[in-house]
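Good morning, and thank you for coming. I would ask you to look at the sequence and the model together while I speak.

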Amino acid sequence: LKTDPNNKKESKGYLLTIIMADVLTDEQIQEFKQCFQCFDKDEDGKLSTKEAIMGLKSLGVNVPESDIPGGSVDFTGFLSVVTRKLQVLDAEEEVKKAALCFDQDGTGNLSTAHLKMILTTIGDMLSPAEADQFIRECDPNNSGHASAADIAKVLLKFA
């Protein structure tokens, strides 16, 4: 990547791209670049808000218009939005891993009785009623078990 060191906007974009390169794989950056170019119909290096939202949706990233600053976004801004949204996904994975620490039998599930005990006795404890509500969200079929993935989704929903 070449940049004009006197152009502050270009230098900032270059730095942001380098930082994001540490977060995203080369394959991801290439995929996002191809998507960006596909939606850049007039080939001006920018996507309108609508084009950016359509491009992001095609990648499975849903964002409100307010996440697209200034009515248009260049590739660096597009990568920035994707990176922020991917970090949310990474948070879900981290919470899932934490929930798996309490998986007593290695199935990826926690019994709801064990989950209630954890929720009412460890850390920021919930009341029994709050724990029951949380468990209903994690185990809507009342199977007696909640998956680590469902626990993570419910936790992040209320975070």
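Let us begin with Asp139. Setting aside the residues within four places of it in sequence, Asp139 is in contact with Thr112, Gly144 and His145. Please bear in mind that this is a predicted model.

Where does Asp139 lie? It is found in the loop between α6, which covers residues 128-138, and β4, which covers residues 145-147. Is Asp139 buried or exposed? Asp139 is buried, and yet it has no salt bridge. The nearest side chain of opposite charge belongs to Arg136, and that side chain is 10 Å away. A salt bridge requires a side-chain nitrogen of Lys or Arg within 4 Å of a carboxyl oxygen of Asp or Glu.

I turn now to helix α6. Which of its residues are buried? Ala131, Phe134, Ile135 and Cys138 are buried in α6. These residues lie on the same side of α6, because they cover an arc of only 100° around the axis. An α-helix has 3.6 residues a turn, so residues three or four places apart point the same way. On the other side of α6, Ala129 and Arg136 are exposed.

My next residue is Gly55, which is found in helix α3, residues 49-58. Gly55 counts as buried because its relative accessibility is 0%, and the cut-off for buried is under 20%. Leaving aside neighbours within four places in sequence, Gly55 is in contact with Cys35, Phe39 and Phe78. From C-alpha to C-alpha, Gly55 and Phe32 are 8.9 Å apart in space, while 23 residues separate them in sequence.

Finally, let us consider the protein as a whole. It has seven helices and four strands, and along the sequence they follow the pattern α-α-β-α-β-α-β-α-α-β-α. How many of the 159 residues count as buried? The share is 31%. Among contacts between residues at least 6 apart in sequence, 47% join residues at least 24 apart. The protein exposes about 10300 Å², and carbon and sulfur atoms supply 54% of that area.

Thank you for your attention.

Methods
Residues are numbered from 1 along each chain as its sequence is written. This is a predicted model: local features need pLDDT of at least 70, side-chain atom pairs count only at pLDDT 80 or more; totals for chains, interfaces and linings use all residues. Side-chain values use heavy atoms; hydrogens and water are left out. Helices (H or I, at least four residues) and strands (E, at least two) are DSSP runs, numbered from the N terminus. Buried means under 20% relative accessible area, exposed over 50%, partly exposed in between (1.4 Å probe, protein chains only). Lys and Arg count as positive and Asp and Glu as negative; His and the chain ends are not counted. Contact means heavy atoms within 4.5 Å. Accessible areas come from the Shrake-Rupley method with a 1.4 Å probe; for residues, only the protein chains shown count as cover. The arc is that of the directions from the helix axis to the C-beta atoms.
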